[in-house]
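Dear colleague,

Please find the structure below, handed over for your reference. My notes on what was found in it follow.

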Amino acid sequence: MINPDFKEFFPSFEGECQGCDTFGEVNDLSLCDKCASKLDRDLIREGDWDYSALAFGVPTERREDLRKEIISKYDKQLELIAPKKEKKSKNRKGNKSKDRHRNIHQQMGHTIWTK
Ligand SMILES: [Zn+2]
């Protein structure tokens, strides 16, 4: 018999996704399912292994294989986060995506440390 309180044990949040700005169910990083997996692939593309859930537990020597696999399946283009090597310091107002990137990193760091 299905417990009607089932959802209480698997809390999800209603909110605006940080990645695509749609309102719906989001995870603890305020990302919808789609964007959460995009972020994960981006982190691997960028070599941010420590933040990636996919790369978690993957031995260092296997990481490069994982990245190649991601790139061959999903292309090398970043899907969600802003590229690190962006050199647009002229216009500070256009830095929203960079701030978002940093924000996501901070939140992910927080998530990891509290585990
Ligand atoms: Zn999203």
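Which residues of the largest nonpolar core touch the most other members? They are C17, L31, C32, C35 and L39, out of the 13 residues in that core. A nonpolar core here is a set of buried Ala, Val, Leu, Ile, Met, Phe, Trp, Tyr and Cys residues joined through C-beta atoms within 7 Å. Helix 2 gives the most to this core, namely four residues.

Two remarks on the source are needed before the details. This is a predicted model, in which local features need pLDDT of at least 70 and side-chain atom pairs count only at pLDDT 80 or more, while totals for chains, interfaces and linings use all residues. Residues are numbered from 1 along each chain as its sequence is written.

Overall organisation

The chain holds four helices and two strands. Helices (H or I, at least four residues) and strands (E, at least two) are DSSP runs, numbered from the N terminus. Read from the N terminus on, the order of the elements is α-β-β-α-α-α. Of the 115 residues in the chain, 18% are buried. A residue is called buried if 20 or more other C-beta atoms lie within 10 Å of its own, exposed if 12 or fewer, and partly exposed in between, with C-beta atoms placed from the backbone. Among contacts between residues at least 6 apart in sequence, 36% join residues at least 24 apart. Two residues are in contact if their C-beta atoms, placed from the backbone, lie within 7 Å.

The strands and the core

V26 is found in strand 2 and is buried, with 21 other C-beta atoms within 10 Å. Not counting residues up to four places away in sequence, V26 touches F13, G15, C17, L31 and C32. C32, with its neighbours within four places in sequence left aside, is in contact with C17, G19, C20, T22, G24, E25 and V26.

E16 belongs to strand 1 and counts as partly exposed, with 13 C-beta neighbours inside 10 Å. Leaving aside neighbours within four places in sequence, E16 is in contact with D21 and F23. From C-alpha to C-alpha, E16 is 7.3 Å from V26, although the two are 10 residues apart in sequence. The corresponding distance from E16 to L31 is 7.7 Å, across 15 residues of sequence.

Two residues with positive phi

Most residues other than glycine have a negative phi. Which backbone value does D21 take? Phi of D21 is near 65°, a positive value in a residue other than glycine. D21 sits in the loop between strand 1 (13–16) and strand 2 (23–26), and is exposed, with 9 other C-beta atoms within 10 Å. D21 and C32 are 11 residues apart in sequence and 9.3 Å apart in space, C-alpha to C-alpha.

S30 is not a glycine either, yet has a positive phi of about 60°. S30 lies in the loop between strand 2 and helix 2 and is partly exposed, with 17 other C-beta atoms within 10 Å.

Helix 2 and helix 3

At what angle do helix 2 and helix 3 pack? Helix 2 (residues 33–46) and helix 3 (residues 60–74) pack at about 125°, with their axes 9 Å apart. That angle makes helix 2 oblique to helix 3. Axes are lines fitted to C-alpha atoms, for helices over the stretch in contact, and angles run from 0 to 180 degrees between N-to-C directions. Angles under 35 degrees count as roughly parallel, over 145 as roughly antiparallel, 65 to 115 as roughly perpendicular and the rest as oblique.

In this contact, R41, I44 and R45 of helix 2 meet L66, R67, I70, I71 and Y74 of helix 3. These residues divide into five nonpolar, no polar and three charged. Ala, Val, Leu, Ile, Met, Phe, Trp, Tyr, Cys and Pro count as nonpolar, Asp, Glu, Lys and Arg as charged, and the others, Gly among them, as polar.

V58 is found in the loop between helix 2 and helix 3. It is partly exposed, with 14 other C-beta atoms within 10 Å, and touches R63 and L66, not counting residues up to four places away in sequence.

With kind regards
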